[in-house]
Amino acid sequence: METTTPGLRETKKMRTRRHLAATALELFLERGFEAVSVADVAVAAEVSKPTLFRYFPTKEDLLLDRFADHQDEAARIVRDRPEGVDPVQALHRHFLEALGNRDPITGLNDIPDVISFQRLVYSSPGLASRLTHYTAREVELLAEVLQAEYDNPFAARLAACHMVTTRQELGRQNFRRIAAGRSADECHPEAVADADRAFGMLADGL
């Protein structure tokens, strides 16, 4: 079986992209998101502003681009679920597993750098607004998979909206607990109970 590896040009582009994102995050954490300009990031990363914009269309994307890695997660979970498992059950099981692994996407992670990153995301109106762009794509991808479950595209999209929102709200609730100074281990039982309740309501509603 042939394996495809990135060429030199793609490798350099990925390295530059990671460097820009890491530089921006360092500045945002140090000074605050609103206090750092795109020009500040470009200077610190030793690139021009046009170069930076070729990789990241907006300042918000410098921080939020890592959410792109999770945009197809819900769709993939539902698409690859075992036979006999419905979409809500598949997402529920995956979320519980992610809680157990302290996956940052669940909000249940007390590593200081993760807390700082999430506090930055949730504290900026500009970032919260831009995050809807990533959410919309997540809903779109999940709705495409769910069309096999429902009799029309609107029903599939409506179900996708509920599923994506449930996952996100559980993550926010878990982060509120962590931000209050509690440990992930201490919060885990409550996080599991919330997930069971939320996905239970979702299953009944859908």
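Let me start with helices H9 and H10. H9 covers residues 153–179 and H10 covers residues 184–205. Their axes come within 10 Å and cross at roughly 160°. An axis here is a line fitted to C-alpha atoms, for helices over the stretch in contact, and angles run from 0 to 180 degrees between N-to-C directions. Angles over 145 degrees count as roughly antiparallel, under 35 as roughly parallel, 65 to 115 as roughly perpendicular, and the rest as oblique. H9 and H10 are therefore roughly antiparallel to each other. The crossing of H9 past H10 is right-handed, that is, the near helix is turned clockwise from the far one by less than a right angle.

Which residues make the contact? On the H9 side they include His162, Met163, Leu170 and Ile178, and on the H10 side they include Ala184, Cys187, Phe199 and Leu202. Contact means heavy atoms within 4.5 Å. The residues of this contact divide into 10 nonpolar, 4 polar and 4 charged. Nonpolar covers Ala, Val, Leu, Ile, Met, Phe, Trp, Tyr, Cys and Pro; charged covers Asp, Glu, Lys and Arg; the others, Gly among them, are polar.

A word on the source. This is a predicted model, where local features need pLDDT of at least 70 and side-chain atom pairs count only at pLDDT 80 or more, while totals for chains, interfaces and linings use all residues. Residues are numbered from 1 along each chain as its sequence is written, and side-chain values use heavy atoms, with hydrogens and water left out.

Now the chain as a whole. There are 10 helices and 0 strands. Helices are DSSP runs of H or I with at least four residues, strands are runs of E with at least two, and both are numbered from the N terminus. The C-alpha trace spans about 55 × 45 × 35 Å along its principal axes. Of the 206 residues, 40% count as buried. Buried means under 20% relative accessible area, exposed over 50%, and partly exposed in between, with a 1.4 Å probe and protein chains only.

On cysteines, the count is 0 disulfides, a disulfide being a pair of cysteine sulfur atoms within 2.5 Å. Cys187 is buried at 0% relative accessibility, and Cys161 is partly exposed at 31%.

Last, backbone angles. Most residues other than glycine have a negative phi. Glu46 has a positive phi, near 60°. Glu46 sits in the loop between H2 (38–45) and H3 (49–55) and is exposed, at 74% relative accessibility. Arg102 also has a phi near 60°, and its place is the loop between H6 (87–100) and H7 (112–123).
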